[in-house]
Amino acid sequence: MSLDNKQPEQLSPEQVKIKEIADAIIKEGTSHSTYGNWISQYENFGEDEQFAREHTDEIITELVSREEVSDVLEDESGFDVNYYTNYVENYEPLDEDLEREEEERIRMSGEQTSKAEM
């Protein structure tokens with residue numbers, strides 16, 4: 001269960017910090033990513049860096065429980081988070097997404113032309 005759904009008074013100080021870190025990761029990622037992926041590096045957590053390193057599993061559990069997050073990978077540098085693109089403020093489709101949309105548009109216009117000729 002997400003800590004996001006609990007009242008602050010129901011959380012331990014450790015859980016509050018885990019929630020705050022997860023909130024910060026999500027805010028950073030959804031506001032800075034253009035493709036739905038963002039890496040939040042441990043070194044950027046400032047005074048919370050050691051806490052984040054020691055509570056990686058709990059932070060990942062919290063992140064994956066959030067509706068904005070598709071999946072999370074962790075490596076030695078931090079959290080590699082994939083977001084659902086409808087939550088990404090500056091989303092720019094990848095070239096292959098644009099190509100697929102264009103192919104679909106052409107296919108649909110071709111079908112409409114064929115129907116009109118009948």
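# Notebook: helices, sheet and aromatic rings

I began with burial and found that, of the 118 residues of the chain, 31% count as buried, where buried means under 20% relative accessible area, exposed over 50% and partly exposed in between, with a 1.4 Å probe and protein chains only. I note that this is a predicted model, in which local features need pLDDT of at least 70 and side-chain atom pairs count only at pLDDT 80 or more, while totals for chains, interfaces and linings use all residues. Residues are numbered from 1 along each chain as its sequence is written, and side-chain values use heavy atoms, with hydrogens and water left out.

**Entry 1: the elements.** I listed four helices and three strands in the chain, and read their order from the N terminus on as α-β-α-α-β-β-α. Helices (H or I, at least four residues) and strands (E, at least two) are DSSP runs, numbered from the N terminus. I also looked up the contacts, meaning heavy atoms within 4.5 Å: among those in the chain between residues at least 6 apart in sequence, 59% join residues at least 24 apart.

**Entry 2: the sheet.** In what order do the three strands stand in the open sheet? I found the order β1-β3-β2, with antiparallel pairing; two strands pair if DSSP finds at least two bridges between them. Because β1 (37-41) and β2 stand at the edges with a single partner strand each, one side of each is left without a neighbour in the sheet. From one strand to the next, the twist averages 20°. I reminded myself that strands of a sheet pair through backbone hydrogen bonds, either parallel or antiparallel.

I then followed the bridges. β1 and β3 run antiparallel and are joined by five bridges, and Asn37 has Asn82 of β3 as its bridge partner. β2 and β3 pair in the antiparallel sense over six bridges and form a hairpin with two residues between them. Asn82 in β3 is also the bridge partner of Asp71, and Phe79 in β3 is that of Glu74. Is β3 enclosed or open to the outside? Five of its six residues are buried, so β3 is largely enclosed by the rest of the structure.

Entry 3: Which residues of α3 (56-64) are buried? I noted Thr56, Ile59, Ile60, Glu62 and Leu63. Seen down the axis of α3, these residues fall within an arc of 160°, so they line one face of the helix; the arc is that of the directions from the helix axis to the C-beta atoms. An α-helix has 3.6 residues a turn, so residues three or four places apart point the same way. On the face of α3 turned away from its buried side I found the exposed residues Asp57 and Thr61.

The buried residues of α3 pack against α1 (13-32), α2 (49-54), β2 (69-75) and β3 (78-83). I looked up the directions as well: α3 lies across β2 and β3, running at about 165° to β2, whereas α1 lies across β1, β2 and β3 and runs at about 55° to β3. For these angles, axes are lines fitted to C-alpha atoms, for helices over the stretch in contact, and angles run from 0 to 180 degrees between N-to-C directions.

**Entry 4: Val72.** Val72 lies in strand β2 and, at 13% relative accessibility, counts as buried. Leaving out residues up to four places away in sequence, I found that Val72 touches Ile60, Leu63, Val64, Phe79, Asp80 and Val81.

**Entry 5: the rings.** I found three aromatic pairs in the structure; rings of Phe, Tyr and Trp (its six-membered ring) pair if their centres lie within 6.5 Å, and planes under 30 degrees apart count as stacked, over 60 as edge-to-face and the rest as tilted. The rings of Tyr42 and Phe45 have centres 6.4 Å apart and planes at 50°, so this pair is tilted. For Phe45 and Phe79 the centres are 6.2 Å apart and the planes at 80°, so that pair is edge-to-face. Phe45 lies in the loop between β1 and α2 and Phe79 in strand β3, so the pair ties together parts that are 34 residues apart in sequence. Phe45 is buried, with a relative accessible area of 15%, and Phe79 is buried with 0%. I recorded Tyr42, Phe45 and Phe79 as one aromatic cluster.
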